[in-house]
Amino acid sequence: MLNALELADTEENRTMIQAMQSSGVPLTKENAELFGRMLQQKPASVPTAEWIQAAAIALQRGLPVTA
């Protein structure tokens, strides 16, 4: 999946893909780019999976996905 979305094979990207899948977010290149940008804004004290889940909820509810 990482190769299909043109993402580097890193722990953070693997966690992002798993969290997107478990949250029901379609695994598209656009969504991966959106969530990748969101990960760059993640505070160090927030676990990656929780940050992705919050972004997924915002996306599913039609809210802007911002930090």
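In this predicted model, the side chains of Lys 29 and Glu 6 are joined by a salt bridge with an N to O distance of 2.8 Å, a salt bridge being a side-chain nitrogen of Lys or Arg within 4 Å of a carboxyl oxygen of Asp or Glu. Because Lys 29 belongs to helix 2 (residues 29-40) and Glu 6 to the segment before helix 1 (11-23), the pair ties together parts that are 23 residues apart in sequence; helices here are DSSP runs of H or I with at least four residues, numbered from the N terminus. Glu 6 is exposed, at 61% relative accessibility, whereas Lys 29 is partly exposed, with a relative accessible area of 33%, where buried denotes under 20% relative accessible area, exposed over 50%, and partly exposed the range in between (1.4 Å probe, protein chains only). Residue numbers start from 1 along each chain as its sequence is written, and side-chain values rest on heavy atoms, with hydrogens and water left out. As the model is predicted, local features need pLDDT of at least 70 and side-chain atom pairs count only at pLDDT 80 or more, while totals for chains, interfaces and linings use all residues.

The structure holds three salt bridges, and Arg 14 takes part in one with Asp 9, at 2.5 Å from N to O, and in another with Glu 11, where the closest N and O atoms lie 2.9 Å apart. Glu 11 and Arg 14 are both residues of helix 1, separated by three residues, or about one turn of the helix. Through these shared partners, Asp 9, Glu 11 and Arg 14 are joined into one network. In general, side chains of opposite charge can pair when their charged atoms come close.

Helix 1 also contributes buried positions, namely Asn 13, Thr 15, Met 16, Ile 17, Ala 19, Met 20 and Ser 23, and the elements that cover these buried residues include helix 2 and helix 3 (48-60), as judged by contact, meaning heavy atoms within 4.5 Å. The 13 residues of helix 1 should span 18 Å at 1.5 Å a residue, which agrees with the 18 Å between its end C-alpha atoms, the expected span being 1.5 Å times one less than the number of residues. Helix 1 is followed by Gly 24, which has a positive phi near 80°.

Technical notes
Helix = DSSP H or I, 4+ residues; strand = E, 2+ residues; numbered from the N terminus.
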